[in-house]
Amino acid sequence: MLPPSSPFPGLWNNQITPYMVEPINNLSPYSPVQFTIMMKARKIGASTCFENAIAYYMDAVPSEILYSTATEALAKDWSKKKISHVIDSLGFRHKLISADNNAKSRATGDRMMTKEYIGGSLDIIAATSGMAKRALDKRVLIIDEVDGVAPMTTTGEGQWTDILIAHTDCWNERRKVGMFSSPTTDEASLINQYYEKGDKRKFLIPCPICGKYIELKFGDKSTSWGLKWETKASLLIDAYYVCEYCGDAFFNEDKDNFYSLQPTCKKEPGKILKPAYWEPTRQTGDPTYRSYQINTLYSPNGMYNFKSIAKDWIEKEEQGEDGMRSFANLRMGLAFKADVTRPSLKKILEHRGAYTRGNVPPGVLFLTMACDVQRGSVNNPNNPPRIELEVMGTGLGYKTWSIDYKVFEGNLDDPYGGAWEEMFQWMKGINGEFYDKDGISYQVKMIGIDCGDADDGRAERVYRFCERWAPFAYPLKGFSQLKARRNEKSDIPGAASFKKYRAAKIGTAGEYVLEVSTIYYKDTLFGRLNINATPDNTHPNGYCDFPADYPDEYYVQLTNTEKLPGGGYKSLKPDEALDCRVYNLCLSDAWLESQVKRTRDEYLSKGADSTWVQMTINSRTVLDHLQAQLTAFKGKN
Ligand SMILES: [Zn+2]
């Protein structure tokens, strides 16, 4: 039975959403499958099916169940509006009784966030709430809206999902873990990571024209197949799907046929075809872990049709990258892949902002400073020995602002003289601070200085210089990629064995150097430079802003590298501005990580539960905290 909130009240009909049959069967106690991962579009009726599965366990196979969703509000909403209706429509509310029910106690088995019944209970929680720690020994774990949870810190500590899954460990092969969500960006999407680990099933339907089995895919203007539409005087008339094999069009109404148990096709009328089915696209050798991806083109007849999808697509395309990001995530059920192609100079120049260098614009929460050391030649006035540096601000949503860019020319042999001393005096003169228009000061939190190769003696001078600025300054060194070591967890999603950066011990004096994966941060920079302002949102998440008075030359340098077909980069000269930015993006991550660790330690020392601390404190909470501090401070002054 389905709740009244469903567009299909009454008996649940497998032919309306045939693609839910297999995932739901995986959850049955008779199936050997333990993990069912579904990366899905909105409006395909998945939530309703999972609710039914939960109700089945409550009623027919009483077990310990944990339902987790992204936020407290969503959890309450799910309890009140979703599962309650399922319980009522299946008519087993009378089974909800407290384990310690007696005449004197007013305890009830039917509370908002806990439903108790003989043989188990259903706990409803927000993924990152303190409640997660009490959720022990669960047989069935359903994690809804996996990607709706603010991303955790990237330091490679346990994901919050891993912590929840650990609660099912004692059930071994009898556990049931269901995870479903529409994805967010490729880089951040957790559901995409779990999907990639599995056998990546696609749902194949028989083409109602030729009878060949096809996956419904969006395609684009360059493909002859996919979702197509007709317009008349820029009005959308109708939308249809073009089969990749026969090139013929079929319509949303054809779902009645190709979703049925006895589908047919026009080419061979009278022949009964095999019903639509899930096909794995990847061999994993693990039959207990299945992953599924489904987009909104599969939305059941009567819910969200081809025409509405086409209309949505046209609108989102007009909104540019932000629009397409949400269309990819919510409708295509795909993680949006950021465009990491080298942006054109014309495009980058559009990032020139409304503030001038040396000033902190609104939005900035903390500053980092990266220095690139150029040995150059004393005899070449066009390439003298020098230090180039960029001060960068980071704000909520990983927005960045370039605050200042400086060049100090001079001898580099003495950490207490030449260009080193000049830079030191400049920094001392400003006390490492920059100001916003309200006169509030922002101190540079972390300084990184490129120490290059150790064998030319430069590294040694950088170590000595960093000691003058301890504990704010660190030597750093770029590597194209950093392979995760045996005891390290990878922290680049989709690249199973690489790291963004690490602190590595060097030299006999015990100095540490920050090793930076330049490929990762160049990809990040290009991805972010491809995020453009729109009339409604001048600073979308990830946006890079620059002072109005930087010369054009700065922007030329900022992307002066060539992306190689294999994924690497070939350096072009000059590129000091690019190097400084790559290092700054890493310093920003590293400083945030240090704050996450510091905050977690603080809570732990006060006796907070370690699971709660791990799940609650992340880079997002640190940024939120900085924002709250700044707002409070501005309020007082
Ligand atoms: Zn066909």
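**Entry 1: a helix at the end of the numbering**

I began with helix α16, residues 619–636, which has 18 residues. From its first C-alpha to its last I read 26 Å, close to the 26 Å expected at 1.5 Å a residue. I note here that I am working with a predicted model.

Which residues of α16 are buried? I found Ser619, Val622 and Leu623 on that list. Looking down the axis of α16, I saw that its buried residues fall within an arc of 100°, so they line one face of the helix. A reminder to myself: an α-helix has 3.6 residues a turn, so residues three or four places apart point the same way.

Next I asked what the buried residues of α16 pack against. The partner is α14, residues 576–605. On the other side of α16 I listed the exposed residues Ala628, Thr631, Ala632, Gly635 and Lys636.

**Entry 2**

I then turned to an open sheet of three strands, in the order β9-β10-β11, with antiparallel pairing. Its edge strands are β9 (226–232) and β11 (249–250), and each of these pairs on one side only.

How many bridges join β9 and β10? I counted seven, in the antiparallel sense, with β10 covering residues 235–242. I also looked up leucine 227 and found that its bridge partner in β10 is tyrosine 241. Helix α7 (residues 306–318) packs on this sheet and touches β9 and β10. The direction of α7 makes about 115° with that of β10.

**Entry 3: threonine 231**

Is threonine 231 buried or exposed? It has 12 C-beta neighbours inside 10 Å, and the cut-off for exposed is 12 or fewer, so threonine 231 counts as exposed. Leaving out residues up to four places away in sequence, threonine 231 touches Leu236 and Ile237. I also checked asparagine 25, which is 206 residues from threonine 231 along the chain; their C-alpha atoms are separated by 42 Å.

**Entry 4: stepping back to the chain**

Finally I zoomed out and found 16 helices and 27 strands in the chain. The C-alpha atoms fill a box of roughly 85 × 70 × 50 Å along the principal axes. A compact globule of 637 residues would have a radius of gyration near 26 Å, and the chain has 28 Å, which agrees. Buried residues make up 41% of the 637 residues. Of the contacts with a separation of 6 or more, 67% come from residues 24 or more positions apart.

How values were computed
Residues numbered from 1 in each chain as written. Predicted model: local features only at pLDDT ≥ 70, side-chain atom pairs only at ≥ 80, totals over all residues. Pairing = 2+ DSSP bridges. Helix = DSSP H or I, 4+ residues; strand = E, 2+ residues; numbered from the N terminus. Contact = placed C-beta atoms within 7 Å. Axes fitted to C-alpha atoms, helices over the stretch in contact; angles between N-to-C directions. Rg over C-alpha atoms; globule rule 2.2 N^0.38 Å. Buried ≥ 20, exposed ≤ 12 C-beta atoms within 10 Å, placed from the backbone. Expected span 1.5 Å × (residues − 1). Arc of directions from axis to C-beta.
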